[in-house]
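Subject: Model handover

Hello,

Here is the model for your files. Please open it first, then read the notes below.

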Amino acid sequence: MPHLEEKHPLAIRWFHWISFPLLSLMIWSGLLIYWANDIYRVGWGDTTLVHFFPDWFYMRLNMPQRLAEGMALHFFFMWLFVANGVLYVLYLAFSGEWRKILPERRSLRDAVQVTLCDLHLRKEAPPQGLYNGAQRIAYTGVIVMAIGSVVTGLAIYKPAQLYWLAGLLGGYEMARWEHFWLMMGFVGFFVIHIAQVIRAGWDNFRSMVAGYSLVKEREVPLESRK
Amino acid sequence: MGVAAAGGYGAWTWLRSRPAEAGVEWPLRGVLRGNQKVAEAYFSDGHRSPEFSLSQVSANARKNGDVGLGEDFDPKDWTLNVQDSANAEPHQVTLAQIRELPRVEQITQLNCIEGWTIIVRWAGARFSDFTAKYAPQSRDARYVAMQTPDQAYFVGLDMASALHPQTLLCYEMNGADLNGDHGAPLRLVIPVKYGVKNIKRIGKITYTNDRPEDYWANEGYDWYAGL
């Protein structure tokens, strides 16, 4: 008989579903700000391969001329973003949940194999517990990126009062560039994460909402929790 | 989880439908004010905007914003009106009197609120020196208001930022007298604020205990605009 098995504790699910809209709001309001001086690109010299962002992108998302609104929103939601992030990290630390997402010695090798498997370049994925190596690296990586976003964000928010922080990051202009690329990293994470969730199917998605996963008797059960 | 999602959506709808206070929903305006309190608690004269070397000065000193810089103005007829916090009648200070104050040169970054920066070599008198000499009884006022002669552009400043050692009443830029585009004969240089507070062509300075109006804060921007 298939049965339900707990997969994600309630706290993890709350943090997940609070982080998602908060991070989305920070990215969106950040783009409203970035629009006013959209200087970053991929290219060299006078050659630009991609400009961030093309006009159609801003028009499509109704972004032009909303700098003041973007700043007010960004400096409102930053508090919730930081509070949620701090609570999440504290929860991970004290609940022991960190053991499930912190990369292990073999995570990098596993991640390469998982990726090759996902790209159909390899037949078998390495054995895993709740999360595979690629997931461990990604889920720890976004925490590190979030910390980076807060630090670079503070440096461009108060480059005079926090002159030492902006200085450590290479100055205001560098810190703004770093803040932008961290945001792009989050967008990349979103794209891959959502694609993988779609690929993994309904039961996996539901488990992040309801907490339970449907496990068939014949299957190896999920790694036993302590 | 469904209830939580509905709650989140409801909170968002509520937030975005609040009446605006100076161009932005009042809860957002309230948090901007709260952020100001946090920034003011950390603010110190010892925290200084970075200074640069001569070789780092931007080749092109971008001109941005000309509100208050109408044609109908002759710098030769200019005097600065100064309104103390207590006295009813403003008094006048000439450019020559401001030039008598210790001349301070600094190469600092001007941070536009749009996100770009330029590095400029400024020279002028410290606003704190100016206040000590020409408005000593106003040092304890809470705010300073500055406006262009035509009153079209105006900024409000908290006193701590105005008295910061890098805040200058500036009459020289990149080694030459200030030109009309950049606010001749006298402009404010305040590196602890966004560019919008660096008002050009100052006509009147008012020391006050009432929070002054600010041109861009009326358009939805943060009143404090501190860096």
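Which residue in S3(A) is the bridge partner of Val42(A)? Val50(A) is that partner in S3(A).

Before the rest, the conventions. This is a predicted model: local features need pLDDT of at least 70, side-chain atom pairs count only at pLDDT 80 or more, and totals for chains, interfaces and linings use all residues. Residues are numbered from 1 along each chain as its sequence is written, while chains are lettered from A and ligands numbered from 1 in the order in which they are written.

**Chain A**

Chain A has 9 helices and 4 strands. Helices (H or I, at least four residues) and strands (E, at least two) are DSSP runs, numbered from the N terminus. Along the sequence the pattern is β-α-β-β-α-α-α-α-α-α-α-α-β. The C-alpha atoms fill a box of roughly 60 × 40 × 35 Å along the principal axes.

Of the 226 residues of chain A, 25% count as buried. Buried means 20 or more other C-beta atoms within 10 Å of the residue's own; exposed means 12 or fewer; partly exposed is in between; C-beta atoms are placed from the backbone.

Strand S2 (residues 41-44) and strand S3 (residues 47-51) of chain A pair in the antiparallel sense over 4 bridges. Pairing here requires at least two DSSP bridges between the strands. S2(A) and S3(A) form a hairpin with 2 residues between them. Gly45(A), in the turn, has a positive phi of about 50°.

The peptide bond from Phe52(A) to Phe53(A) is cis, with omega near 0°. Phe53(A) sits in the loop between S3 and helix H2 (55-60) of chain A. Gln65(A) is in the loop between H2 and H3 of chain A. Gln65(A) has a positive phi of about 65°, although it is not a glycine. Gln65(A) counts as exposed, because 11 C-beta neighbours lie inside 10 Å.

Gly153(A) belongs to helix H6 (residues 133-157) of chain A. With 23 other C-beta atoms within 10 Å, Gly153(A) is buried. The C-alpha atoms of Gly153(A) and His179(A) are separated by 6.3 Å, though the two are 26 residues apart along the chain.

**Chain B**

Chain B is divided into domain 1 (1-42) and domain 2 (50-219). The bounds come from an automatic or database domain assignment. The C-alpha centres of the two domains lie 32 Å apart.

An open sheet of 5 strands runs in the order S4-S3-S12-S7-S8 (chain B), with mixed pairing. Strand S4 (91-93) and strand S8 (154-158) of chain B are the edges, each pairing on one side only. The twist averages 25° from one strand to the next; axes are lines fitted to C-alpha atoms, for helices over the stretch in contact, and angles run from 0 to 180 degrees between N-to-C directions. Strand S7 (residues 143-147) of chain B is joined to S8(B) by 5 bridges, and the two run antiparallel. Gln147(B) has Phe154(B) as its bridge partner in S8(B).

A cis peptide bond joins Ala184(B) and Pro185(B), with omega about 0°. Pro185(B) is in the loop between strand S10 (176-177) and strand S11 (187-189) of chain B. Ala225(B) lies in the segment after strand S12 (204-208) of chain B. Phi of Ala225(B) is near 50°, a positive value in a residue other than glycine. Ala225(B) counts as buried, with 25 C-beta neighbours inside 10 Å.

**Between the chains**

29 residues of chain B are in contact with 23 residues of chain A. On the chain B side, H2(B) gives the largest share, 6 residues.

The largest nonpolar core has 79 residues. Such a core is a set of buried Ala, Val, Leu, Ile, Met, Phe, Trp, Tyr and Cys residues joined through C-beta atoms within 7 Å. Those with the most contacts inside it include Ala72(A) and Met146(B). Helix H3 (residues 67-95) of chain A gives the most to this core, 9 residues. Both domains of chain B give residues to this core, so it lies between them.

Best regards

Technical notes: Two residues are in contact if their C-beta atoms, placed from the backbone, lie within 7 Å.
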